[in-house]
Amino acid sequence: DERQERARGQAYKYGFWTLMGCLLLYGFSNMVLGRWCDVITGVMLCVAVAMVVFASVCIVKDAYLSLKEKPRTVMTLLAVVSVLNLAIGAMNWKNGRVFRDGILTYSAANGICGAMVLVILVVYIANYLLAKREEAE
């Protein structure tokens, strides 16, 4: 509906400005600290932060589900995606592929995605439980 579209637009705006700020911070950190990660990994970190902001705003403003979607299905999907990515990230960490010569490599991508989806899941569950509690009152 229109309310959800407005809320998604606002979430998009917050996500966009978060991305811009994060990219600037990444660029400055690269200048000050030197190369600490692959470029694609740094950009991916920024995108993940922006996506968490976008998704969180959508969730809090109830602009994330269509009428056909069930909350438990979405939670299950988010949990599976998070666990799979975190497991692959842990294997990459164990095999020593996440850092090479002290630089964060693209092999950290699964861990980053898994953490991003886990944060979104936590926000989703917290919002779901708060809504249930408000309905009960």
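Begin at the largest pocket, which has a volume of about 250 Å³; a pocket here is an open set of points on a 1 Å grid over the protein atoms alone, where a 1.4 Å probe fits, with protein on both sides within 12 Å along at least five of seven lines, and its volume is the space filled by probe spheres set on the points, which are joined across faces, edges and corners. Select I59, Y64, V74, L78 and Y124, the closest to the pocket's centre of the 14 residues that line it, where a lining residue has an atom within 4 Å of a point. The elements giving two or more residues to this lining are α2 (39-60), α3 (71-94) and α4 (109-136), helices being DSSP runs of H or I with at least four residues, numbered from the N terminus. By class, the lining has 12 nonpolar residues, one polar and one charged.

The model is a predicted one, in which local features need pLDDT of at least 70 and side-chain atom pairs count only at pLDDT 80 or more, while totals for chains, interfaces and linings use all residues. Residues are numbered from 1 along each chain as its sequence is written, and side-chain values use heavy atoms, with hydrogens and water left out.

Select F16 and W17, whose ring centres are 5.0 Å apart and whose planes stand at 75 degrees, so the pair is edge-to-face (over 60 degrees). F16 is partly exposed at 34% relative accessibility, whereas W17 is exposed at 58%; buried means under 20%, exposed over 50%, and partly exposed in between, with a 1.4 Å probe and protein chains only.

Now select Y64 and Y124, another edge-to-face pair, with centres 5.1 Å apart and planes at 75 degrees. This pair links distant parts of the chain, since Y64 lies in the loop between α2 and α3 and Y124 in helix α4, 60 residues apart. Y64 is partly exposed at 26%, while Y124 is buried at 3%.

Move on to T41 in helix α2, which is buried at 1% relative accessibility. Leaving aside neighbours within four places in sequence, T41 is in contact (heavy atoms within 4.5 Å) with L104, T105, Y106 and I112.

Finish at M116 in helix α4, a buried residue with a relative accessible area of 11%. With neighbours within four places in sequence again left aside, M116 is in contact with A48, M51 and V52.

Terms used: Nonpolar A, V, L, I, M, F, W, Y, C, P; charged D, E, K, R; others polar. Phe/Tyr/Trp six-rings, centres within 6.5 Å; stacked < 30°, edge-to-face > 60°.
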